[in-house]
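Here is a friendly briefing on one protein model. Have a look at the structure first, then read on topic by topic.

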Amino acid sequence: MSRSIACIDYRDGKVFLAKRQDVGDMGGRWEFPGGKIDEGEDFVTAIRREMNEEFGVKVEVFDRLCQVTFEHKGKLCYVDAFKVRLEEDGLSRRFTLTEHTDYRWEDFSRIPSLNFVDSDMKIYEKLKDMVTSL
């Protein structure tokens, strides 16, 4: 079993998305940023570490929004999506990217038209009816 987190920062009608590097099964695809939970980490610690490592930004963590499961190479995986707020928006000062090639603020409704990571599409499906309350 694998555990991961996904970070949902939704503001002014847009959600923060990141484009994965062009490696691996899901390379070059858009996603909700996040990552694996390391041994001994809780959700909040993992979220703060991942966002600092991947974008060089601090983040405030709020509620867990949903959990999805999927199978990857015969292994059951869990992803917990959390509402977060990035300390900065990455527009006036560009984030330093270490795991992604790009990022942007996008209309939530446009996610299905993007080349989006399969597991995160499951999160999208669970959140699409509640997005205005985020």
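Predicted model: local features only at pLDDT ≥ 70, side-chain atom pairs only at ≥ 80, totals over all residues.

A residue is called buried when its relative accessible area is under 20%, exposed when it is over 50%, and partly exposed in between (1.4 Å probe, protein chains only). Helices (H or I, at least four residues) and strands (E, at least two) are DSSP runs, numbered from the N terminus.

Residues are numbered from 1 along each chain as its sequence is written, and side-chain values use heavy atoms, with hydrogens and water left out.

**The whole protein**

- The protein has two helices and eight strands, and along the sequence they follow the pattern β-β-β-β-β-α-β-β-β-α.
- The radius of gyration (taken over C-alpha atoms) is 14 Å, which agrees with the value near 14 Å for a compact globule of 134 residues; the globule rule is 2.2 Å times the number of residues to the power 0.38.
- Along the principal axes, the C-alpha trace spans about 40 × 30 × 30 Å.
- Of the 134 residues, 46% are buried.
- The accessible surface comes to about 7,300 Å², and carbon and sulfur atoms account for 44% of it; such areas come from the Shrake-Rupley method with a 1.4 Å probe, and for residues only the protein chains shown count as cover.
- Contact means heavy atoms within 4.5 Å. Among the contacts with a separation of 6 or more, 64% are between residues 24 or more positions apart.

**Helix α1**

- Helix α1 covers residues 43-55, and its 13 residues should span 18 Å at 1.5 Å a residue; the end C-alpha atoms are 18 Å apart, in agreement. The expected span is 1.5 Å times one less than the number of residues.

**Strand β1 and its partners**

- Six of the seven residues of β1 (residues 2-8) are buried, so this strand is largely enclosed by the rest of the structure.
- Two strands pair if DSSP finds at least two bridges between them. Seven bridges join β1 to β7 (residues 75-86), and the two run parallel; here Ala6 stands opposite Ala81.
- Three bridges join β1 to β5 (residues 34-36), and this pair runs antiparallel.
- Is Ser4 buried or exposed? Its relative accessibility is 13%, so Ser4 counts as buried.
- Ser4 lies in β1 and stands opposite Lys36 in β5. Leaving out residues up to four places away in sequence, Ser4 touches Gly35, Lys36, Ile37, Tyr78, Val79 and Asp80.

**The nonpolar cores**

- A nonpolar core is a set of buried Ala, Val, Leu, Ile, Met, Phe, Trp, Tyr and Cys residues joined through side-chain atoms within 4.5 Å.
- The largest one has 20 residues, and those with the most contacts inside it are Ile8, Val15, Leu17, Phe32, Phe108, Ile111 and Ile123. At least two of its residues come from each of β1, β3, β6, β7 and α2.
- A second, separate core has 18 residues, including Phe16, Phe55, Leu86 and Tyr103.
- Ile111 is found in the loop between β8 and α2, and with a relative accessible area of 0% it is buried.
- Which residues does Ile111 touch, not counting those up to four places away in sequence? They are Val15, Leu17, Phe32, Phe116, Met121 and Tyr124.
- Ile111 and Phe32 are 79 residues apart along the chain, and their C-alpha atoms are separated by 10 Å.

- Asp12 is in the loop between β2 (10-11) and β3 (14-20), and at 77% relative accessibility it counts as exposed.
- Most residues other than glycine have a negative phi. Asp12 has a positive phi, near 55°.
- Ile37 is in the loop between β5 and α1. Not counting residues up to four places away in sequence, Ile37 touches Arg3, Ser4, Ile5, Phe43, Ala46 and Arg49.
- Ile37 and Lys128 are 91 residues apart in sequence, and 25 Å apart in space from C-alpha to C-alpha.
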